[in-house]
Amino acid sequence: VAGSAAGLPGEGVIESLEPELPENVVPITAPMTGVFYHAASPDSPPYVTVGQTVEPGDTVGLIETMKLFNDVTSTIGGTVYDILARNEEQVEAGQTLILIQT
């Protein structure tokens, strides 16, 4: 039926919130659920900024879970393409936090 709710575009379809990425951009995802932090403390500089070069194993943020702080590390070397997670944002395991361009 024209105009019915069932006919709305996107109805019943879950669309990805993440845009299509160039082939050479790799996501760094949250290893666990918790609160994401860009820096070790409010007075500290952020671990990474857009345009910065990172190596495998470099700390790119922290996730606090049950009052424990866990490092989030880069799995690859490259340049920080974008930082998707906001400071002090609740994140879910597997959520993309940072994009690295190789």
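Strand S8 is largely enclosed by the rest of the structure, because five of its six residues are buried. Buried here means under 20% relative accessible area, exposed means over 50%, and partly exposed lies in between (1.4 Å probe, protein chains only). This is a predicted model, in which local features need pLDDT of at least 70 and side-chain atom pairs count only at pLDDT 80 or more, while totals for chains, interfaces and linings use all residues. Residues are numbered from 1 along each chain as its sequence is written, and side-chain values use heavy atoms, with hydrogens and water left out.

Start with the overall plan. The protein has eight strands and zero helices. Along the sequence the pattern reads β-β-β-β-β-β-β-β. Both element types are DSSP runs numbered from the N terminus: helices are H or I with at least four residues, and strands are E with at least two. Of the 102 residues, 25% are buried. Among contacts with a separation of 6 or more, 63% join residues 24 or more positions apart. A contact means heavy atoms within 4.5 Å. The accessible surface comes to about 6,700 Å², and carbon and sulfur atoms hold 54% of that surface. Such areas come from the Shrake-Rupley method with a 1.4 Å probe; for residues, only the protein chains shown count as cover.

Now return to S8 and its sheet. Four strands form an open sheet in the order S1-S8-S6-S3, and the pairing is antiparallel. S1 and S3 are the edge strands, each with a single partner, so one side of each has no neighbour in the sheet. Two strands count as paired if DSSP finds at least two bridges between them. Strands of a sheet pair through backbone hydrogen bonds, either parallel or antiparallel.

Follow the pairs across this sheet. Strand S1 (residues 25-29) meets S8 in the antiparallel sense over five bridges. Ile-28 has Ile-98 of S8 as its bridge partner. On S6 (residues 78-83), the antiparallel pairing with S8 runs over four bridges. Ile-83 also takes Ile-98 in S8 as its bridge partner, and Asp-82 is bridged to Leu-99 of S8. Strand S3 (residues 53-54) then joins S6 through two antiparallel bridges. Val-54 stands opposite Gly-78 in S6.

The other four-strand sheet is open as well, with the order S5-S4-S2-S7 and antiparallel pairing. Strand S5 (68-73) and strand S7 (89-91) lie at its edges; each has a single partner strand, so one side of each is left without a neighbour in the sheet. From one strand to the next, the twist averages 40°. That angle is taken between N-to-C directions, from 0 to 180 degrees, using axes that are lines fitted to C-alpha atoms (for helices, over the stretch in contact). Strand S2 (residues 34-37) pairs with S7 in the antiparallel sense over three bridges. Val-35 faces Gln-90 in S7 as its opposite residue.

A nonpolar core is a set of buried Ala, Val, Leu, Ile, Met, Phe, Trp, Tyr and Cys residues joined through side-chain atoms within 4.5 Å. The largest one here has 14 residues, and the members that touch the most others are Phe-36, Val-60, Ile-63, Val-72, Val-91, Leu-97 and Ile-98. Strand S4 (59-65) and strand S8 (96-101) each supply at least two residues of this core. S8 gives the most, with three residues.

Finally, look at the loop between S4 and S5. Met-66 is found there. Its phi is near 55°, a positive value in a residue other than glycine. Met-66 counts as exposed, at 77% relative accessibility. Lys-67 has its place in the loop between S4 and S5 too. Lys-67 has a positive phi of about 65°, although it is not a glycine. With a relative accessible area of 73%, Lys-67 is exposed.
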